[in-house]
Amino acid sequence: IMECDEVVLGCTHFSLIADIFREVLKAKVLDPAEKVVERLELYEESGSGEIEILVTADLELFRERVEKFGILGDTNPGYRKVDIYEKSHSDIGIVGIG
């Protein structure tokens, strides 16, 4: 295993196994998703409290894995398959929180 002081998780999937990276690499793991969640907490009182997950690949496989690993607990999220290259999904965009 390569030695390093810090690792930046560069893929959204890696947040799910960040603890494994920390344990195996014995390094500081920087997870950008954690910072996004911290910023979103500013808005938690204004939202509906519902979680909707947008998936660009195999929706059922993704749902099975989320449920298998218990990632979202008892939140009962909604799932929707989207194609990020089609303009018909005008309600889908990238939001930057500064």
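How many of the 98 residues of the protein chain count as buried? The share is 13%, where buried means under 20% relative accessible area, exposed means over 50%, and partly exposed lies in between (1.4 Å probe, protein chains only).

## About the model

This is a predicted model, in which local features need pLDDT of at least 70, side-chain atom pairs count only at pLDDT 80 or more, and totals for chains, interfaces and linings use all residues. Residues are numbered from 1 along each chain as its sequence is written, and side-chain values use heavy atoms, with hydrogens and water left out.

## Overall layout

Let's start with the fold. The protein chain has 3 helices and 4 strands, which run β-α-β-α-β-α-β from the N terminus on. These elements are DSSP runs numbered from the N terminus: helices are H or I with at least four residues, strands are E with at least two.

Of the contacts (heavy atoms within 4.5 Å) between residues at least 6 apart in sequence, 39% join residues at least 24 apart. The protein chain exposes about 8400 Å², with carbon and sulfur atoms supplying 55% of that area; accessible areas come from the Shrake-Rupley method with a 1.4 Å probe, and for residues only the protein chains shown count as cover.

## Phe14 and its surroundings

Phe14 is worth a look on your screen. Phe14 sits in the loop between strand S1 (6-8) and helix H1 (18-25), and its relative accessibility of 34% makes it partly exposed. Together with Leu16, Ile17, Ile20, Val24, Phe69 and Ile71, Phe14 forms a nonpolar surface patch with about 640 Å² of accessible area. Patches are made of residues with over 30% relative accessible area and no salt bridge; like charges are joined within 9 Å, and nonpolar side chains (Val, Leu, Ile, Met, Phe, Trp, Tyr) within 5 Å.

A search of the whole structure finds 1 aromatic pair. Phe14 and Phe21 form this edge-to-face pair, 5.4 Å centre to centre with 70° between the planes. Rings of Phe, Tyr and Trp (its six-membered ring) pair if their centres lie within 6.5 Å; planes under 30 degrees apart count as stacked, over 60 as edge-to-face and the rest as tilted. Phe21, at 22% relative accessibility, is partly exposed.

## Salt bridges

The structure holds 3 salt bridges, each defined by a side-chain nitrogen of Lys or Arg within 4 Å of a carboxyl oxygen of Asp or Glu. In helix H1, Asp19 and Arg22 are 3 residues apart, about one turn of the helix, and their side chains meet at 3.1 Å, N to O. Asp19 is exposed at 58% relative accessible area, whereas Arg22 is partly exposed at 27%. An α-helix has 3.6 residues a turn, so residues three or four places apart point the same way.

Glu52 is partly exposed at 48% relative accessibility, and Arg80 is partly exposed at 26%.

## Helix H3 and its ends

At the start of helix H3 (residues 59-69), a side-chain oxygen of Asp58 reaches to within 3.2 Å of the backbone nitrogen of Glu60. Glu60 also forms a salt bridge with Arg63, the closest N and O atoms being 3.2 Å apart. Both residues lie in H3, 3 residues apart; Glu60 is partly exposed at 41% relative accessible area, and Arg63 is partly exposed at 26%. Just after H3, Gly70 takes a positive phi of about 65°.

Definitions and conventions. Polar contact = N/O pair within 3.5 Å; in protein donor to acceptor, adjacent residues only side chain to side chain.
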